[in-house]
Amino acid sequence: MELVQPFSGFLVYDLKQTPEDFQVEEILPSDLIQKTGKWMIFRLQKSGWNTLDALLRISKESKVSIFEIGYAGKKDRHASTSQYISCQKPLRVPKELTKVIQLDKIGFSKKSLSTELNVGNRFQLVLRNLLEKEIESIRNNFEKITKNGFINYYDSQRFSRFHSEFRLPILPFFKGDAETCLKLILTDPFPGEKKQARDRKKILYDLWGNWSQCEKWSKSKLEKNIFSNLKKEKKRHKKPIPI
């Protein structure tokens with residue numbers, strides 16, 4: 001913990017000032033990684049990149065479809081993270097990104113990685129702008145959290161951003177409008193999101209309803225499956241089932 005004398009106290013603590021201030025380590029089942037298997041397992045370490053953007057660059061450099069790469073979870077861009085990915089083909093990182101993205105083959109697995117295999121994550125956070133007298137109180141609170149737990153309220157990472165018209169995207173779903181909920185989640189950009197991501201969401205917004213074209217612009221297995229299922233439902237001339 002960094003000790004700074006002036007202007008300390010609740011609501012003025014500084015979090016995530018650098019990617020190294022927020023460190024995330026993914027945990028997989030202890031028996032998952034083997035000496036042999038159909039899929040190669042890689043440890044992906046990155047700083048200042050979100051998981052999907054990193055995988056897009058890796059897949060392009062490796063001449064592998066991103067849909068051939070398995071992963072157990074998405075990790076924050078504003079962090080220094082360690083996670084695992086799987087593929088049946090060799091993977092490599094573009095030379096110009098090796099300072100912020102590292103990839104090491106660590107073993108094999110009989111199955112591709114997916115979210116069901118994510119046991120959890122370890123977090124290490126740096127809290128800045130503390131007075132020395134506050135440290136003891138914080139340590140006591142850690143003991144209480146260990147005993148009683150801590151409520152994780154999440155935020156936009158789980159529920160998407162606050163929308164001026166619809167509020168949270170989940171609210172239209174509760175009112176029976178699953179498609180609006182889905183459209184907001186997949187096409188509404190976040191403040192500070194990279195231009196490439198904003199442009200792709202704008203394309204999906206303009207193509208909405210043309211599921212074949214939306215599927216072509218998918219950048220994850222989940223998106224591809226969503227648009228593929230919507231395309232099948234449209235062909236059957238049935239009302240899309242709630243997602």
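Cys 181 is buried, at a relative accessible area of 8%. Buried means under 20% relative accessible area, exposed over 50% and partly exposed in between, with a 1.4 Å probe and protein chains only. Cys 87 is buried too, at 0%. A search of the whole structure finds 0 disulfides, a disulfide being a pair of cysteine sulfur atoms within 2.5 Å.

This is a predicted model, in which local features need pLDDT of at least 70, side-chain atom pairs count only at pLDDT 80 or more, and totals for chains, interfaces and linings use all residues. Residues are numbered from 1 along each chain as its sequence is written, and side-chain values use heavy atoms, leaving out hydrogens and water.

- Helices (H or I, at least four residues) and strands (E, at least two) are DSSP runs, numbered from the N terminus.
- In H5, 7 of the 10 residues are buried, so the rest of the structure largely encloses this helix.
- The buried residues of H5 are Ala 178, Thr 180, Cys 181, Leu 182, Leu 184, Leu 186 and Thr 187.
- Their cover includes helix H4 (170-174), H6 and helix H8 (221-235).

**Packing of H5 on H6**

- H5 (residues 178-187) and H6 (residues 195-207) pack at about 150 degrees, with axes 9 Å apart.
- That angle makes H5 roughly antiparallel to H6; angles under 35 degrees count as roughly parallel, over 145 as roughly antiparallel, 65 to 115 as roughly perpendicular and the rest as oblique.
- Lys 183, Leu 186 and Thr 187 of H5 make the contact with Lys 201, Leu 204 and Tyr 205 of H6, where contact means heavy atoms within 4.5 Å.
- These contact residues divide into 3 nonpolar, 1 polar and 2 charged. Ala, Val, Leu, Ile, Met, Phe, Trp, Tyr, Cys and Pro count as nonpolar, Asp, Glu, Lys and Arg as charged, and the others, Gly among them, as polar.
- Axes are lines fitted to C-alpha atoms, for helices over the stretch in contact, and angles run from 0 to 180 degrees between N-to-C directions.

**A buried aspartate**

- Asp 53 sits in helix H1 (residues 51-62).
- Asp 53 counts as buried, at 10% relative accessibility.
- Leaving aside neighbours within four places in sequence, Asp 53 contacts Lys 194 and Lys 219.

**Positive phi values**

- Lys 16 has a positive phi near 55 degrees. Lys 16 lies in the loop between strand S1 (14-15) and strand S2 (22-27), and is partly exposed at 36%.
- Lys 63 also has a positive phi near 55 degrees. Lys 63 is in the loop between H1 and strand S4 (70-71), and counts as exposed at 72%.
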